[in-house]
Amino acid sequence: MDRVTFNDHLELSRLVYGMWRLGDDADTSIDHVRNKISACLDQGITTMDQADIYGGYEAEEIMGNALTPELRNRIEIVTKCDIVAPAGRYADAKVKYYDTSRAHIMASVDHSLRLMKIDHIDLLLIHRPDPLMDHHETCAALDELVQSGKVRAVGVSNFRPYDWDLLQSAMTTKLVTNQIEISLLHHAPFTNGDIAFHQMNGQPPMAWSPLGGGALFEAKNAKLRAALKAIGDANGVDEAAVAIAWLLAHPARILPVLGTNNLDRISRIGDATHVQIDRETWFDLYTHALGHEVA
């Protein structure tokens, strides 16, 4: 498995296992969660993607219960903070909102460390841009977390370039990545400046929902799916692997985040790395996704 280096303290596997559905599984037992992590490790997938809000603020604890010191030493843990929703420990919240205050960030990190039973987070992401963010306060908190050793590296999620620049402007620590929605069905980042911005600055982006939340396989996308299947059949993999390979082919070094609770599907996440997508094939799939040829 290819690996991506972000700084002196952070290296992630090119494919990332997303745990946003971990609490939705009928089986959240320690053994079952360990089997999922082991299935990832067998393919060289060492990076686990979490967020405090996942599973109604329960997914981090479900994973933490399954971690042994040996397992923890073999993985990198990504988690996120700043979304407050009326669930779990925030059940009394009147409305869903974002909180990038120092107090909330510090409390969220401490909760994550406690629930996952770990002493540091490898990568902390601010989950959503906060319209009320005091960037000086937020930046000071993030710098402090890195300096304390509780967090190894910091990034963001769902930020536009101007949101990134505002946050970075008051930080000593360099932001390392932006986790945004990217897929064949959500390809705007390739042309709206998002990927270009991070590629220019050498910041490999992470891609959430790289299969379009399953919409890629709906009847309305039959022509695109047929094109994916033809390539998959030629390479001995399924359509999903080809859709992920399409992202991997981009020079920005995108890191797809894939989430499933099915052990068989988890064991096949790495199939995407066996598919080579050349320029003409990339544009053929892009044309199907657009619904028309490029200008």
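What span should the 15 residues of helix H5 (residues 102-116) have, and how far apart are its end C-alpha atoms?

Modeller: First, the ground rules. This is a predicted model, where local features need pLDDT of at least 70, side-chain atom pairs count only at pLDDT 80 or more, and totals for chains, interfaces and linings use all residues. Residues are numbered from 1 along each chain as its sequence is written, and side-chain values use heavy atoms, with hydrogens and water left out.

Now the helix. Helices (H or I, at least four residues) and strands (E, at least two) are DSSP runs, numbered from the N terminus. The expected span is 1.5 Å times one less than the number of residues. H5 should therefore span 21 Å, and its end C-alpha atoms are 21 Å apart, so the two agree.

Next, burial. Buried means under 20% relative accessible area, with a 1.4 Å probe and protein chains only. In H5 the buried residues are His104, Ile105, Met106, Ser108, Val109, Ser112, Leu113, Leu115 and Met116.

What do they pack against? Contact means heavy atoms within 4.5 Å. Three helices take part: H2 (54-57), H3 (59-66) and H6 (135-148). The buried residues of H5 also pack against strands E5 (76-81), E6 (83-84) and E8 (123-126).

Last, the end of the helix.

A nonpolar core is a set of buried Ala, Val, Leu, Ile, Met, Phe, Trp, Tyr and Cys residues joined through side-chain atoms within 4.5 Å. The largest has 86 residues. Ile37, Met63, Leu142, Leu167, Leu184 and Leu285 have the most contacts inside it. Helix H10 (residues 239-248) gives this core its largest share, nine residues. Apart from it lies another core, of 13 residues, including Val4 and Leu125.

Definitions and conventions:
Buried means under 20% relative accessible area, exposed over 50%, partly exposed in between (1.4 Å probe, protein chains only).
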